[in-house]
Amino acid sequence: MASADPSSAGAAAQKMLKIENTQKRDALVEVERKYQKVWAESGLFESNAPTATDVSQAQQGKFFSTMAYPYMNGSLHAGHAYTMSKVEFATGYARLQGKNALFPLGFHCTGMAIKACADKLERELEMFGQNFERYTDDDEDDLDAPKAGDEAAANNAGAATPDVTKFRSKKTKVAAKSGAAKYQFQIMLSQGIPREEIHKFADAYHWVHVFPAAGIRDASSLGLRVDWRRSFVTTDANPFYDSFVRWQMNRLKELGKIKFGKRYTIYSPKDGQPCLDHDRSEGEGVGIQDYTAIKMKVVDWSEPAKNIVEKVLPPTTQANVYFLAATLRPETMYGQTCCFVGPKITYGLFKLHNETASPEADNEYVVCTERAARNLSFQGYSAVWGETEKSAQLVGADLIGTLVNAPLSVHKSVRILPMETAHASKGTGIVTCVPSDSPDDYATVTELAKKAEFYGIQKEWAMLEVIPIIETPNYGKLTAPALVKKMKIVSPKDPKLPEAKNIAYKEGFYNGTMVHGEFSGRPVQQAKDLVKQKLFDLSLAFPYAEPEGVVISRSKDECVAAHLDQWYLNYGTAENGGDGEWNAQVRAHLLNSDGNGLNTFSTETKRRFEEALDWLGQWACARSYGLGSKLPWDEQFLVESLSDSTIYPAYYTVAHYLHGDIYGKEPGLANVRPEQMTDEAWDFVLARTTKPPSDSDISLPALQAMRQEFQYWYPLDMRVSGKDLIQNHLTFFLYIHVALWPSEYWPRGVRVNGFVTLNGEKMAKSTGNFLTLRETVEKFGADAARVALADAGDAGDDANFSESVANAAILKLYELRQWIEDMILSDGVAKDNKEGQRSGPLNFWDTLFDNELNRLVWETKEAYDAHLFRAALRSGFYNFTGARDVYRDAVGAMGMHSKLVRRYAELQCLLLSPIAPHWCEHVWTEVLGHKHSIQVASWPNDCPKPNRALQATADYEQATSSAVTAALGQLIKRLLKSSKKTASAGSGQNTAFDPRSSPFRLRIFFTESLPAWQERCIDLVTVALKETGLVDTDAIGKSIGKTETKRAMPFIQQLKKRLQDASESASVGASSDDQAGEESDKNVEMAILLGRRLPFDERAVLEEMRPVLKKVLGARCEAVELVRIIKTTAPVSGSGSQEETHDEVIEGHVLSTNEVLAMKDLPATAASAVPGLPKFVFEPVN
């Protein structure tokens, strides 16, 4: 039905499937489009809060779930679809539970990305003309050529206006970022946007109108249960949402959560504003690293450095020059023995501006990297903001041997020495050396001392005394030397050094005590800030910050750490400068100790949230460039994109009252204007005040209706997003809810998912391994795509959308629909063996199948309850159809029971409807004849719990059948191997029995008796339980003879575990005919539990299995015989042992002939049969 597409270049692209025969897919798609239209026209998914008089609906229960709304700078893709599916499946299941379920979806347009792309296009239009006709690159023709093999492009070649949202090319935003596409218009061409349409995208708001509309179309084609009345776009393109954001910011400022002041932030010099996560093309999640910049004054230059420096700073200038070393551990400065530079790193001599110094005294210079100097210039350390004053350039090798002062060190002056592992991209490129507490410093000075001549230094420079600074409980007073020795680190390039450094830092900070200096005796956690402040007070150091890693803005600018006056949200702990009380409230909600807090659905998600709350600090909430809402009290700024998207689930609750379209141009149910939604109106509508605003001209019924919607739907039941957003968006989401509302309105659940690959490879347009949502649905249809999305992954693990799974789902859904139609519609009143069905009492196989359906219903419910949709798909679809197949094969010509066929079909619809609703709707209404939609059907809560005895019977039947076929397979395999040996040896014909060519019979040996030694073990366990209530294996072991200990003790351990497992699951578990009659007896239950008795009649089950096994084994099998093994024991006399030993005597009874087989006439394997584990022998028919 499908094959790899040969037109796609690269290995990843070759894995993309090309659908060749679309007949079955098209049949499914026809139904999907039909029901999508029916659902939309009936408003089936338009969920409303009950009115005050609607008591029944008020008692119905509700489920409100959202996803992180997608950013609309392009088309929705398979990754978006995966996140959507989690909300979608949960919403479908909630509807089955009888809940009033709401799934709204908006579109995010705030931020720099769209505006930056639009501005690029504007410049390119000026350069190349409206249709870029003046562009003459040789590759121009390749850029807007349709992708080879693109049938849609070929079929629509004559269309006047191609779809601007349909992706066609191998090009990618990632490729554009790396330089593969130089201009923005080339990127637009690569996304399939016609050349003559591109100029319109120079207006940023054109993006806001094109892509959200396409998003609604594409999401609707997947059959989502979305209430589209509540959809919207962000930014001032929707004045109602703009009003909502301004209200939010005003209230946060009033609460003291938004502050103004100088703070470090990631900053784009090119854009002239902070560059936060959503503004970055590289470096999302990278934060600020704070250092203490140590000023190490030059005492005597090395000769090469002196020759360079004195040309720009003659001695007469009396300038002070410092090596500027950035450290994270100021408390260790007492132990400096040298200072490191990278021999190959290029450094500069830069003017350091001191705002507090007089002009004549402002004569300081620092040696550091260009990168560090650039950061310094945005932190108030240069005369002109953002400009560096570079006087000279030096290579690290020229600086070696320079003598500098070491602030606070017992060694007043130290030398500059080489460190080959120093990095220009970290800190200032200058590294202080404290060998007592830094393993890499210790390893480096040790190496330098050993090879002084090789490094061109004097040995004594690297051999200054290492003094104790910090004492730790695990490593004493010299942590670094102790770790280097313990971990056997042999050089500065040893791969174990990063681990050692991490251990040393944590051990010193968390467990260390100062043993040197004026803060001796204090914990390092206290002393660190005290030492830092002392260095600042003595003008021996100052604060310095830089990005933790490389950050590139969307305007392609490498960002810096700038010290700015700005508006910021005061997130964070008190220790990192934030609002500690606010942080503690969020943390308490996360920990959920009372059960009323946040459900994170996994311990890993909770751990990630805790980490974010630990490190996340103050966050700039305003910018001056991009799209968005203006900051109400300072309109030169816009609210940044992660700060306007924290509590918008609250906006969903009332959006349809405010506007009738996503842009707020058409009136909503309340018929209000944007300017009427004042802060006071929002306070009342969103339940922050109890009285309606006295000066509002909105009608009181309208205000109360909106308030009722909010109070009904809030709190949000589940939020779904990618796990990468825990570090910002999702944590902000918690913070702002906690700030604005009492706990009754705080979110109840956050479910994160992993990243999504496609066909096992990273999704990338550049490789052709990419699917938009629209392409996915066009290729596979909605239900097959949804099945593949459910199958892609569960929980927070990374997922894989497999086209082969989607393609297989087409066939599976189509054929199952055909089978159900044939079985249900062929004959309304079932008659014996008519159309393969029968009526009347249920037989053995009917009962097993009926019970298996019950088991799978409960197993599927458990998966849905845990929001594990892949597990639900497995039990509620794959295993459900598998159970039907086993039943159908077992009953064979006698036919399936008509009652069970219908029950199977109805249950299949209900279990699968959250995932494949179109298919289920068709079968439910048009085949099964229900008058109401599957979307308003109820979960089968009346389904009985599975019967344990029947469950054990089914397990036994499947295990035994598998064992028989496997045994036959092994026999044939041995015959093949033997025949090859015989042929190679030339020893004549092989006379061994061959079931492939000779008639044979299968003999099954079963027994009701355990081996005598197992019976004795069970007796001991039973006595122990009666006397002590415990299974003490050590005490029981003393009662067992030495000859039996080896096999008896593992068996007793198994019994103990079986008892423990039963105890743990006692409160859950299945019924056993309501434990009626004899089966309710505790002694019987214990006998079953200990394996002394089976919960079913093994002989009766095997009798039922005989004809099925005969059929499975094929025409050569002439008989399946059951042989009952009876075991007896007798003492062995004259054994010479003090312990009594027993011989086991067995005989076999052939049930069909009443023949008795003596022990000598039985195969050896017969003796090893135990209850529930029969043995098999294939014998020729003589």
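**Salt bridges, pair by pair**

Start with Arg774: this residue is partly exposed, with a relative accessible area of 22%. Partly exposed sits between buried, under 20% relative accessible area, and exposed, over 50% (1.4 Å probe, protein chains only).

A word on the source. This is a predicted model, where local features need pLDDT of at least 70, side-chain atom pairs count only at pLDDT 80 or more, and totals for chains, interfaces and linings use all residues. Residues are numbered from 1 along each chain as its sequence is written, and side-chain values use heavy atoms, leaving out hydrogens and water.

pLDDT is the predictor's confidence in each residue, from 0 to 100. The chain's mean is 88. Over residues 139–179, pLDDT stays under 50. Where pLDDT is low, the predicted coordinates should not be read in detail.

Back to Arg774. Its salt bridge partner is Glu778, with the closest N and O atoms 3.2 Å apart. A salt bridge here is a side-chain nitrogen of Lys or Arg within 4 Å of a carboxyl oxygen of Asp or Glu. Glu778 is partly exposed too, at 38%.

Next pair: Asp994 and Arg996, at 2.9 Å between the closest N and O atoms. Asp994 counts as buried, at 18%. Arg996 counts as partly exposed, at 42%.

Now, which residue pairs with Glu1179? Arg1003 does, with the closest N and O atoms 3.9 Å apart. Both Glu1179 and Arg1003 are buried.

Finally, a network of salt bridges links Arg251, Glu254, Asp679, Glu680, Asp683 and Arg688. The structure holds 59 salt bridges.

Note on methods. Contact means heavy atoms within 4.5 Å.
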